[in-house]
Every structure is written in C-alpha cells, then in structure tokens.
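Q: I have not worked with this structure before. Could we go through it together?

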Amino acid sequence: MADVSRLPAAVVEYWDWQRHAACRGMDLAVFFHPDGEREPSRGRRVDGAKQVCASCPVMTACRDWARSVQEPYGVWGGESEDERRTLLARRRREPRTTPAA
Ligand code: SF4
C-alpha cells in the first residue's frame with residue numbers, strides 16, 4: 001500500500017505544475033513498470049519516459065516533488081525510481097551540516 005503521509009495537502013499551489021506536464025494524458029505504462037518487468041524492457045521503457053521528461057516544462061518541479069515525497073515508483077522529472085532511491089539513500093548517509101553562524 002502506498003504511504004501517503006509525505007504527500008502535501010490538497011492545495012492547488014502544490015499540484016498546479018501538473019497541469020503543464022508533457023506526460024499529461026499519456027499512457028502511464030510509459031512511466032510505471034508493469035509487474036515482473038525485467039531488462040532490457042525496463043531500460044527501454046525508462047529511456048522512453050526520460051525522453052518525454054527532457055522536453056517537459058515542469059521537469060524540475062516534478063523531480064523535486066518526487067524526491068520530497070520519496071515517490072517509490074515511476075519516472076518523475078527525468079529520474080527513475082532506482083536513481084531516486086540511490087540519491088535519497090546517499091542523502092540519508094551524509095552527515096547533516098549546520099550553517100556557519
Ligand atoms: S517531468 Fe516527466 S513525469 Fe514529470 S510531469 Fe514532466 S513528463 Fe511527466
């Protein structure tokens with residue numbers, strides 16, 4: 001079951017960027033893997049999704065959103081779930097620094 005605790009409130013300003021998404025109306029199967037997907041199909045699907053993202057006007061907002069809610073599935077903002085998982089794991093391992101006073 002999806003963990004929705006990290007999702008922002010249902011406020012338009014949090015979600016409005018999605019109205020400008022290049023993937024709007026596209027088949028979700030381009031961005032989310034089917035059950036049991038393996039290589040090389042997976043790599044081809046992810047590359048195709050990333051090509052759509054590369055021309056998307058809200059790519060940065062999409063990627064930042066997916067990172068902030070730790071979206072576990074799909075290509076968001078040109079980033080695969082594996083890339084996002086790796087980045088978030090690295091961030092958790094990095095020591096927190098406090099700004100100099
Ligand atoms: S960056 Fe990719 S996944 Fe995000 S809204 Fe744009 S096309 Fe869709």
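This is a predicted model: local features need pLDDT of at least 70, side-chain atom pairs count only at pLDDT 80 or more; totals for chains, interfaces and linings use all residues.

Q: Where does Q70 lie?
A: Q70 belongs to the loop between α3 and α4, where α4 covers 81-93.

Q: Let us step back. How many helices and strands are there in the chain?
A: The chain has 4 helices and 0 strands. Read along the sequence, the pattern is α-α-α-α.

Q: What share of the chain is buried?
A: Of the 101 residues in the chain, 28% are buried. The chain exposes about 7400 Å², and carbon and sulfur atoms supply 54% of that area.

Q: And the contacts, how many join residues at least 24 apart?
A: The share is 47%, taken among contacts between residues at least 6 apart in sequence.

Q: Which residues does R6 contact, leaving aside its neighbours within four places in sequence?
A: R6 is in contact with V69 and Q70. R6 itself lies in the segment before α1. The C-alpha atoms of R6 and S68 are 7.8 Å apart in space, although these two residues are 62 residues apart in sequence.

Q: Is R6 buried or partly exposed?
A: R6 is partly exposed, because its relative accessibility is 32%.

Q: What separates D3 and Q70?
A: Along the chain D3 and Q70 are 67 residues apart, while their C-alpha atoms are separated by 9.5 Å. D3 is found in the segment before α1, and with a relative accessibility of 43% D3 counts as partly exposed.

Q: Which residues surround the ligand?
A: The ligand is surrounded by A21, A22, C23, F31, V52, C53, C56, M59, C62, V75 and G77.

Q: How do the residues of that shell divide into nonpolar, polar and charged?
A: The shell around the ligand has 10 nonpolar residues, 1 polar residue and no charged residue.

Q: Which residues of α3 are buried?
A: The buried residues of α3 are C62, W65, A66 and R67. An α-helix has 3.6 residues a turn, so residues three or four places apart point the same way. One of the buried residues, C62, is also among the residues that surround the ligand.

Q: Now helix α2. Is R45 buried or exposed?
A: R45, which lies in helix α2, is buried, because its relative accessible area of 12% falls under the 20% limit.

Q: What does R45 touch, not counting residues up to four places away in sequence?
A: R45 touches A29, V30, F31, F32, H33, P34 and E37. One of these, F31, is also one of the residues around the ligand.

Q: Where is E37 found, then?
A: E37 is in the loop between α1, residues 12-15, and α2. Leaving aside its neighbours within four places in sequence, E37 is in contact with R42 and R45.

Q: Is E37 buried or exposed?
A: E37 is buried, because its relative accessible area is 16%, and buried means under 20%.

Q: One last point: which residues are joined by a cis peptide bond?
A: The cis peptide bond joins E39 and P40, with an omega of about 5°. P40 lies in the loop between α1 and α2, and E37 is found in that loop as well.

Methods: Residues are numbered from 1 along each chain as its sequence is written. Side-chain values use heavy atoms; hydrogens and water are left out. A residue is near a molecule or strand if one of its heavy atoms lies within 4 Å of it. Ala, Val, Leu, Ile, Met, Phe, Trp, Tyr, Cys and Pro count as nonpolar, Asp, Glu, Lys and Arg as charged, and the others, Gly among them, as polar. Helices (H or I, at least four residues) and strands (E, at least two) are DSSP runs, numbered from the N terminus. Buried means under 20% relative accessible area, exposed over 50%, partly exposed in between (1.4 Å probe, protein chains only). Contact means heavy atoms within 4.5 Å. Accessible areas come from the Shrake-Rupley method with a 1.4 Å probe; for residues, only the protein chains shown count as cover.
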